[in-house]
Amino acid sequence: MVTEKAGLAASGLAGRFRRSLGDRAVISEPEQLRTYACDGLTAHRSTPGLVVLPETTEAVQEVVRGCVEAGVPYVARGAGTGLSGGALPHSDGVLVVTSRMRRILEIDIANQRAVVEPGVVNLDVTRAAAPDGYYYAPDPSSQQVCSIGGNVAENSGGAHCLKYGFTTHHVLGLELVTPDGEVVTLGGKAPDAAGYDLVGAFVGSEGTLGIATKVVVRLLRAPEAVRTLLAGFASTDDAGAATSAIIAAGVLPAAIEMMDELAIAAAEECVQCGYPDGADAVLIVELDGPAADIELQLAEVERHCQDNGAFEIRIAEDDAERAEIWKGRRSAFAAVGRISPDYIVQDGVVPRTALPAVLRDIAELSFRSGLRIANVFHAGDGNLHPLVLYDASRPGEEERAEEVSAAILDACLAHGGSITGEHGVGVDKVRHMPRMFTAADLDTMQLLRCAFDPRGLCNPGKIFPTPRLCGEVPGKRTGVHPLQEAGLAEAF
Ligand SMILES: Cc1cc2nc3c(=O)[nH]c(=O)nc-3n(C[C@H](O)[C@H](O)[C@H](O)COP(=O)(O)OP(=O)(O)OC[C@H]3O[C@@H](n4cnc5c(N)ncnc54)[C@H](O)[C@@H]3O)c2cc1C
């Protein structure tokens, strides 16, 4: 539980951690602390009380124990690229930054596994395995900077998750420091550990169940061949229909990405990607696997695009042409930043077949609000990333953008989807959780959280809208909790 004296205690811990971990591991200067005030969701900011940069599991354990003894909340942070405010610190708490835990401990090709520390950058796992012809499949667009620990906590996805699945499908074992300050190992290199799937529970828990200090991941053999196709369509409806037809035909591309008219225009202006003239939607379809299979599948994909109205199709003949096709997609978020002073990146997901309907809803929201919305998304997964454009200097526009952004999630829910596809709930979507889950659902999730973290010190205030204090019996809440009333605990 978080006491009112936690702020003082957090700064008091600086001395303890300097003695036990060394000066280099502790940041307490206000200017330096401010650089950790937010993650990739810059709208939410809070300067941490203290930042600690541990280099070993034992150091993480010491930090957690120190926080537990002082009743101080703490938050893990990897590279700080999260888009839901999951690594938002507490001004009265400690931020535990894993960026110095960057060792790749083992590349075990015989077992197709790697063992890495949490601060290892996603792409570095592939770089380490590449000389043996292997790679790490989950590829968030931020893979050049984001950490494996952050990927685990967010259950991150990426363009190629359509075929290969999300982080949870590639993590087999974890070492973590529990919120009690114990070091435990869950799972390992073997494919299926006995007992409850606690690795599965931890992956996607957004830093609320402890701090991962080692991660065992699956390595895959690099595919023999990769082919990439770009198709231009007159509408997102046609591109959506082509996506459904490809999957219904039993072809499973590594990636199917879609961009709409506004996203294409922004990308053209920014990187001159040369996408088909007059296209209101483009699809990028990437196939990988044995060369002979891929050629057959490519012909099938081409046919389904044509049957659904593609007016121009290009197939990359080499790596340079492939990179050229991906250039527009990869630049899309940054490109939108050039055509609008501000924008909100939304993240929702719907069943793939509901894509055309939800895109129509989004167009209607854009029309009614007068705000432009660009759509860039993982079409194969039904994972939408609508970018709501606004100008914060115009009175009321930011609030309108927030409303539109929230209404997009309602549309996703109405079409049988979810409020987040891959970016997590963090602080950003806390208020949307009751739209998707009943009070009983949320209580049940809290039971799991409290089993790991009875004191409520490990990344409090994230995911859940009405933080239940551990020990409180699930059920209808009436009035303020007695501990809050007594000033002994706070609800964030
Ligand atoms: C340009 C851009 C593109 C992006 N593209 C994608 C994409 O395609 N797909 C996607 O899924 N995401 C994407 N993201 C979001 C983000 O990169 C991912 O969520 C990523 O996994 C966050 O990693 P991180 O190291 O930056 O984590 P942070 O932002 O530092 O932390 C994220 C969460 O993980 C927790 N955490 C961090 N380390 C640990 C640990 N060792 N143990 C326990 N909890 C921990 C934190 O407390 C926090 O809740 C993108 C972000 C940007 C800025």
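Colleague: Which residues does Glu286 touch, not counting residues up to four places away in sequence?

Modeller: In this predicted model, Glu286 touches His160, Val226, Arg227, Thr228, Pro253, Ala254, Ala255, Arg322 and Trp326, leaving aside residues up to four places away in sequence. Glu286 itself lies in strand β14, which covers residues 281-289.

Colleague: Is Glu286 buried or exposed?

Modeller: A residue is called buried when its relative accessible area is under 20%. Glu286 has a relative accessible area of 2%, and is therefore buried.

Colleague: With which side chain does the side chain of Glu286 make a polar contact?

Modeller: A polar contact requires a pair of N or O atoms within 3.5 Å. The side chain of Glu286 makes such a contact with the side chain of Thr228, at 2.6 Å.

Colleague: Let us turn to the ligand. How many residues surround the ligand, and which are the closest?

Modeller: The ligand is surrounded by 32 residues, the closest being Ala76, Thr81, Ser142, Ser147 and Ser156. By class, this shell has 18 polar, 10 nonpolar and 4 charged residues. Helix α5 (148-154) supplies the largest share, 5 residues. β3 (74-77) and β10 (211-218) each supply at least two.

Colleague: Which atoms lie 2.6 Å, 2.7 Å and 2.8 Å from an oxygen atom of the ligand?

Modeller: A polar side-chain atom of Ser147 lies 2.6 Å from a ligand oxygen atom. For an N or O atom in the side chain of Ser156, the distance to a ligand oxygen atom is 2.7 Å. Gly82 places a backbone N or O atom 2.8 Å from an oxygen atom of the ligand. Taken alone, the ligand exposes 990 Å², of which the protein buries 92%.

Key:
Residues are numbered from 1 along each chain as its sequence is written. This is a predicted model: local features need pLDDT of at least 70, side-chain atom pairs count only at pLDDT 80 or more; totals for chains, interfaces and linings use all residues. Side-chain values use heavy atoms; hydrogens and water are left out. A residue is near a molecule or strand if one of its heavy atoms lies within 4 Å of it. A polar contact is a pair of N or O atoms within 3.5 Å; within protein, one must be able to donate a hydrogen and the other to accept it, and residues adjacent in sequence count only if both atoms are side-chain atoms. Accessible areas come from the Shrake-Rupley method with a 1.4 Å probe; for residues, only the protein chains shown count as cover. Helices (H or I, at least four residues) and strands (E, at least two) are DSSP runs, numbered from the N terminus. Ala, Val, Leu, Ile, Met, Phe, Trp, Tyr, Cys and Pro count as nonpolar, Asp, Glu, Lys and Arg as charged, and the others, Gly among them, as polar. Buried means under 20% relative accessible area, exposed over 50%, partly exposed in between (1.4 Å probe, protein chains only). Contact means heavy atoms within 4.5 Å.
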